[in-house]
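Colleague: I am new to protein models. Please show me how to read one, feature by feature.

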Amino acid sequence: MKIDLTDTTASKINKALVKGRRAIGTPAVGMVLTLVVVTDEENAYDALKAAGDASHEHPSRTLVVIKRVSRSSRNRTQSRLDAEVRVGADAGSGETVVLRLYGEVSDHAQSVVLPLLLPDAPVVVWWSVDAPRDPANDPLGALSQRRVTDSYAAEKPVDELRSRAESYEPGDTDLAWARITPWRSMLAAALDQVSTDIVSVEVAGEESNPSVELLAMWLADRLHVHVRRAVSAGPGLTQVRLETSGGPITLHRSDGAMATLALPGQPDRAVALKRRETSELLAEELRRLDPDDTYASALRFGVDRLGGIQSAAERAEVAAQPVPALPVRAVTDATPASAPASGSTSASGSASASASADQGDSERPTPAKMPPVKKADPQ
């Protein structure tokens, strides 16, 4: 059931919700939270569909806030609120109110949303696009216990991660973080099966996918080893390679659906690692309303502390380069008759080579003992 309201108020919207519930014969309110979705007209359909699908797991009152920009300067000063109330089958397992704000009222969306919040129920705000730089201090974000953004939707995802780290407050989260939950679960389970020292890690994926950086930061933060971020053709995350003292551990996914897990001394195995829809990611974030300390620790590790980005061609070029030989001191003509034959080094040359080798070994990173890895929450 749909009820359209033009130039309305929050009081009239509440009355329309009661009228709609009575009309379909469900006057009781059985919703567990209020989900506020901030979007624009271009992305409103996708955001509504994702919220509706997520409501089957989390029945909620969904308030969709769309700020309309007036074309003429005269209309920008005229405030108007239009609403579309959906109940029953048109609203998933809850209620949906689409709010379109015109003029000056668009700058005060919190005053429209506040009277429509469910009493004594948690509030979650999700910015599907154009998230503020500081979600916790945003007028709408200040009403909520949980604030969900999506750095993948930003124009510069890596810069978006830096902004999230600077403004992080308990309750902030990112759908880019939810996208790597299966990867974190699989890697944590794989590391539980081996007892070895981890030397370094490489994470490969699309160049503009912030989930790759987040996974790399999580591994670097938890394992305390050098992590390099590499670029691949995608889709999404494609490979994680852990160099260990017992051999490499790799988790490779080339098609976005099935992955291959390779452990030292064990046969390769195929594992399901499907890329998930936005509704599944949103439902996962709605399962917990407490701060995500693991996400906060990985985010604060910082993108700039990761190894430089390399493409697959650059990695192949570096691997094909010959390893330079250690310098050896030349034997002069004043070598006594008892000196070693031609083609071997003198005692001083051997000492020089040994010193160079010792110096190279001292600069080489020592294997880090793997600390306990906290398993990711199962989906």
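Predicted model: local features only at pLDDT ≥ 70, side-chain atom pairs only at ≥ 80, totals over all residues.

Colleague: Where does Ser-254 lie?

Modeller: Look in the loop between strand E12 (249-253) and strand E13 (258-262). Helices (H or I, at least four residues) and strands (E, at least two) are DSSP runs, numbered from the N terminus. Ser-254 and Gln-239 are 15 residues apart in sequence, with 8.0 Å between their C-alpha atoms.

Colleague: Is Ser-254 buried, exposed or partly exposed?

Modeller: Buried means under 20% relative accessible area, exposed over 50%, and partly exposed in between (1.4 Å probe, protein chains only). Ser-254 has a relative accessible area of 49%, so it is partly exposed.

Colleague: How many helices and strands does the protein chain have?

Modeller: You will find 12 helices and 15 strands. The protein chain has 379 residues, and 46% of them count as buried. Among its contacts with a separation of 6 or more, 72% are between residues 24 or more positions apart.

Colleague: Which residues of helix H7 are buried?

Modeller: H7 spans residues 181-191 and is mostly covered, with 8 of its 11 residues buried. The buried ones are Thr-181, Pro-182, Trp-183, Arg-184, Leu-187, Ala-188, Ala-190 and Leu-191.

Colleague: What describes two packed helices?

Modeller: The angle between their axes and the distance between the axes. Axes are lines fitted to C-alpha atoms, for helices over the stretch in contact, and angles run from 0 to 180 degrees between N-to-C directions. Here, helix H2 (residues 44-54) packs on helix H9 (residues 278-286) at an angle of about 50°, and their axes are 8 Å apart. H2 and H9 are therefore oblique to each other; angles under 35 degrees count as roughly parallel, over 145 as roughly antiparallel, 65 to 115 as roughly perpendicular and the rest as oblique.

Colleague: Which residues of H2 and H9 meet?

Modeller: From H2 come Ala-50, Ala-51, Asp-53 and Ala-54, and they meet Thr-278, Ser-279, Leu-282 and Ala-283 in H9. By class, that contact has 5 nonpolar, 2 polar and 1 charged residues. Ala, Val, Leu, Ile, Met, Phe, Trp, Tyr, Cys and Pro count as nonpolar, Asp, Glu, Lys and Arg as charged, and the others, Gly among them, as polar.

Colleague: At what angle do H5 and H8 cross?

Modeller: Helix H5 (residues 157-166) and helix H8 (residues 210-223) cross at roughly 50°, and their axes come within 9 Å. That makes H5 oblique to H8. Pro-157, Val-158 and Leu-161 in H5 meet Pro-210, Glu-213, Leu-214 and Met-217 in H8. The contact of H5 with H8 divides into 6 nonpolar, no polar and 1 charged residues.

Colleague: What is the phi of Asp-7?

Modeller: Phi of Asp-7 is near 50°, a positive value in a residue other than glycine. Asp-7 sits in the loop between strand E1 (2-5) and helix H1 (10-24). Asp-130 also has a positive phi, of about 55°, although it is not a glycine. You can find Asp-130 in the loop between strand E6 (123-127) and strand E7 (146-149). Asp-130 is exposed, with a relative accessible area of 68%, while Asp-7 is partly exposed at 49%.

Conventions
Residues numbered from 1 in each chain as written. Heavy atoms only, no water. Contact = heavy atoms within 4.5 Å.
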